[in-house]
Amino acid sequence: MSKIENNNLSQLKCVVGTNSWGGSLYGKLLRGESVDESIIKEAFDSARANDLAVFDLAQDYGFGQAQKMIGRFGCGDVLISSKFTPTARYKAGQVKKSFEKDLADFGRSYVDIYWLHLPNDICENLSEIIDLYHDGKIRHIGVSNFTLDECRLAKSILDASGIPLYGVQNHYSLLCRDWERNGLVDWCRANGISFWAWAVLEEGMLTNPKSKSKKSVMKLIFNRKKKKLKPLYELMESVGNQHNISIPQVAMSFCSSKGIVPICGCRKAYQVEQLYNAVNVKLSDAEIKMLEAEADRLNVTILGADVFRFAVRKR
Ligand SMILES: NC(=O)c1ccc[n+]([C@@H]2O[C@H](COP(=O)([O-])OP(=O)(O)OC[C@H]3O[C@@H](n4cnc5c(N)ncnc54)[C@H](OP(=O)(O)O)[C@@H]3O)[C@@H](O)[C@H]2O)c1
């Protein structure tokens, strides 16, 4: 049995995001800089050295390149999180067909965690995911970008098949705590369901405010908000100094200190190392309250909590 199989997912503290593991065009457009596959491989190896190396994937990440890339790296001994993205109206067999493509990309016979990426045709899509679970091809089932009511529905469908809902994966960060305010995070805690936060760095806006990064689509949209965030950066820096961690690490540790699992987009080995170090730092309740109060006072929205709602069809 591999070291990963011995590990318990309840001990999971963080996840490596692969949204930007794309080709050079993708890197340049989205992040202002393309990164060679060899550099991403170093990030992969750095995470793999950890007992609980988990990579979050989806077919569309990196313009369709991320899953193929991790397959080339050889991902037999890491934990794989991947998703079915229901954008078109439901057609029987669509999840299973898409899942077979995932397995071919990974060169594996199963995935560890499989998410329904959007709350469309929930019953139909989940029923195919349940079949894959019973076939032993999926170890854990989660839902992503779901509201509390949609999570309750998903849980009731899984309960009826005797399968636990493993997790909810929604957008959450120091700047975006709507899912906490409206009770979803507490509901997850009360039901033993893991809450994974995507974009805890708000697409790079909660990183180094002084970095002179090259132009990218994200920076063009969001950079002007950096000025407004100056007092928060200063507070994050001062909290970070108490623990010997950087501003982005405060954003990561803010989540993990609350029992939320941060998914962080890492293309470089140092980013993976910072992520694993950050989640081993526990911020105090007083520090968490101070950070929240400052974020609330500034009231800056970057991505917003339910950013993909436009892709959800009316039921
Ligand atoms: N379920 C969903 O619907 C959904 C949606 C979106 C994302 N996700 C998942 O969440 C993950 C995270 O989101 P994301 O990748 O879009 O954005 P993110 O993690 O919020 O931000 C990524 C940005 O932060 C920078 N960064 C990362 N670590 C850093 C560090 N230690 N110091 C300084 N800068 C650092 C990256 O730099 P570089 O430019 O150097 O790479 C990149 O510009 C995705 O990769 C994906 O797995 C899920």
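Two residues are in contact here if their C-beta atoms, placed from the backbone, lie within 7 Å. With that cut-off, take the contacts in this protein with a separation of 6 or more: residues 24 or more positions apart account for 82% of them. Keep in mind that this is a predicted model.

Now the overall picture. The protein has 14 helices and eight strands. The C-alpha trace spans about 50 × 40 × 40 Å along its principal axes. For 315 residues, a compact globule would have a radius of gyration near 20 Å, and the protein has 19 Å, so the two agree. Of those 315 residues, 42% count as buried.

Next, the ligand. Around the ligand there are 28 residues, and G17, N19, W198, G204 and G265 come nearest. By class, the shell divides into eight nonpolar, 14 polar and six charged residues. Which elements supply at least two residues each to that shell? They are β8, residues 261-265, and α13, residues 269-278. Of the elements, β8 gives the most, with three residues.

R108 sits between α5, residues 94-106, and β4, residues 111-116. Apart from neighbours within four places in sequence, R108 is in contact with C75, G76, I80 and L103. As for C255, that residue is 147 residues from R108 along the chain, and their C-alpha atoms are separated by 31 Å.

That is the tour; I'll take questions.

Methods:
Residues numbered from 1 in each chain as written. Predicted model: local features only at pLDDT ≥ 70, side-chain atom pairs only at ≥ 80, totals over all residues. Helix = DSSP H or I, 4+ residues; strand = E, 2+ residues; numbered from the N terminus. Rg over C-alpha atoms; globule rule 2.2 N^0.38 Å. Buried ≥ 20, exposed ≤ 12 C-beta atoms within 10 Å, placed from the backbone. Near = placed C-beta within 6 Å. Nonpolar A, V, L, I, M, F, W, Y, C, P; charged D, E, K, R; others polar.
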